[in-house]
Amino acid sequence: MAPRAPQLYSSLRGFVLGAFAYLLRELDDGADLPIAFVEHEHGAGPALYEYRPLVRSFVEERVPQLRGRDDALIALEELQREPAAAIYARAHVGRKPSEDEALFRTILVGLLVSTAEACGGFDWDDDAFDRAYAELERSLYGERRTYAAIAPLVGLSMSAQFELAPGLRARPVADGELARHWPEAASMMPKDFGRETDRFCVLELRAALGADEDPPDAPAEIADAVSAIRLATAAPLSAGPVLFETLDGRPFGIRPVLPIAATQPPGEATRLDSFRGALAGELLLRLTLADTDSALAEALDRWELSLFQQEPFRSEQLRATFAAALGETWPLRAAVLLESDPTERSLMHADLTNLAAGNDCTHAVADAARCVLVATLQHGDRCGLLRELDEALLGVRDRRGLRLAV
């Protein structure tokens with residue numbers, strides 16, 4: 001397909017050709033091109049192995065030299081005549097760098113790396129450049145941009161994908177999807193990721209962005225999704241430790257996941273089924289209630305911190321969780337909320353009273369804190385829920401017990 005902007009095509013091609021020649025001379029002078037060893041596992045046969053040159057890191061180490069070349073200056077002059085190029089560059093690096101720096105790093109270096117990766121090094125191939133340029137041009141002149149962020153999940157298994165919210169889903173990982181953009185991704189993944197059933201899933205966030213629209217806060221959205229799944233499943237779930245971002249199918253960045261979500265609590269891995277997948281999606285939407293309810297936010301924070309602590313600190317965090325969510329009479333309110341059978345309710349109240357007295361919690365009591373938070377979020381009005389529980393204690397209304405799959 002003929003390029004939309006022939007002059008731009010010619011200047012960018014000249015830059016990439018010149019950069020290839022310079023980088024080949026660097027290799028001839030003894031520079032080393034790092035190599036990644038990528039493993040591709042197949043369930044029906046032996047694993048396949050591939051050597052991938054890390055051209056991105058090799059190029060980025062030589063950016064100052066490439067930036068000062070005459071062909072780079074000519075290409076930058078041509079890019080400055082294209083209004084769409086400035087919009088594209090801001091979308092990829094934000095508004096802090098200078099316009100020339102943004103154009104150079106996002107368009108020139110990006111095109112150079114894409115071409116080199118398609119060539120498997122720095123042996124020139126016209127078709128590889130034309131494909132990379134065509135992809136750049138489609139993105140450059142597009143009215144909207146496609147953003148995606150992927151974070152590995154540990155502690156959970158699933159057989160199908162689950163939509164947790166618009167643009168956010170949990171799904172099994174596809175073979176090689178991260179190594180395609182980041183050959184070194186295997187060194188940043190959790191141990192044995194892609195080999196064990198509870199280390200074979202990812203969280204994926206996708207968004208369609210306008211020309212001047214900033215990408216979403218992926219670490220925060222991934223952390224909220226982890227919290228929602230932990231509440232729904234009691235799984236020892238963690239994400240990350242990093243998430244991988246693309247914009248218009250091109251590498252955009254690698255960012256750390258928030259520590260509370262990236263740390264794996266102890267426990268047995270579990271499976272995300274259709275019931276708990278739907279529950280996790282509902283809870284994720286309702287986590288925004290904590291933005292206007294400081295007590296609910298305190299309860300959620302305390303509960304999640306308790307997942308990582310040993311006694312006596314775990315019980316202290318759980319006491320604070322119950323008190324923030326249900327108030328001073330939390331042993332009575334929690335027993336009424338969670339148990340409809342009088343005998344079970346009495347036993348639950350006894351266990352909660354022991355916790356309130358300063359004793360260490362049992363596993364059942366720890367899980368009761370989770371269930372209280374789920375019930376509170378599902379109700380949608382914590383203060384209204386407390387009034388209903390008090391009316392149930394007075395015999396004014398019946399309160400059905402909450403039952404969750406765990």
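Predicted model: local features only at pLDDT ≥ 70, side-chain atom pairs only at ≥ 80, totals over all residues.
**First stop: helices α1 and α4**

Select residues 6-28, which form helix α1, and residues 70-80, which form helix α4. The axes of these two helices lie 9 Å apart and meet at an angle of about 155 degrees. Angles over 145 degrees count as roughly antiparallel, and α1 and α4 are therefore roughly antiparallel to each other. Their crossing is left-handed.

Next, display the side chains at the contact. Helix α1 contributes Gln7, Leu8, Ser11, Leu12, Gly14, Phe15, Gly18 and Ala19, while α4 contributes Asp71, Ala72, Ile74, Ala75, Glu78 and Leu79. Colouring these residues by class shows eight nonpolar, four polar and two charged.

**Second stop: the two sides of α4**

Keep α4 selected and highlight Asp71, Ala72, Ala75, Leu76, Glu78 and Leu79, which are its buried residues. Now turn the view to look down the axis of α4: the buried residues fall within an arc of 160 degrees, so they line one face of the helix. Which residues are exposed on the other side of α4? Select Asp70 and Ile74 to find them there.

Move to residues 294-306, helix α11, and residues 363-379, helix α15. Here the helices pack at an angle of about 145 degrees, and 11 Å separates their axes. The crossing of α11 and α15 is left-handed.

To see the contact, select Leu296, Ala299, Leu300 and Trp303 on α11, together with Ala366, Ala369, Arg370, Leu373, Thr376 and Leu377 on α15. By class, this contact comprises eight nonpolar residues, one polar and one charged.

Key:
Residues numbered from 1 in each chain as written. Heavy atoms only, no water. Axes fitted to C-alpha atoms, helices over the stretch in contact; angles between N-to-C directions. Helix = DSSP H or I, 4+ residues; strand = E, 2+ residues; numbered from the N terminus. Parallel < 35°, antiparallel > 145°, perpendicular 65-115°, else oblique. Left-handed = near helix turned anticlockwise from the far one by under 90°. Contact = heavy atoms within 4.5 Å. Nonpolar A, V, L, I, M, F, W, Y, C, P; charged D, E, K, R; others polar. Buried < 20%, exposed > 50% of the residue type's maximum accessible area, 1.4 Å probe, protein only. Arc of directions from axis to C-beta.
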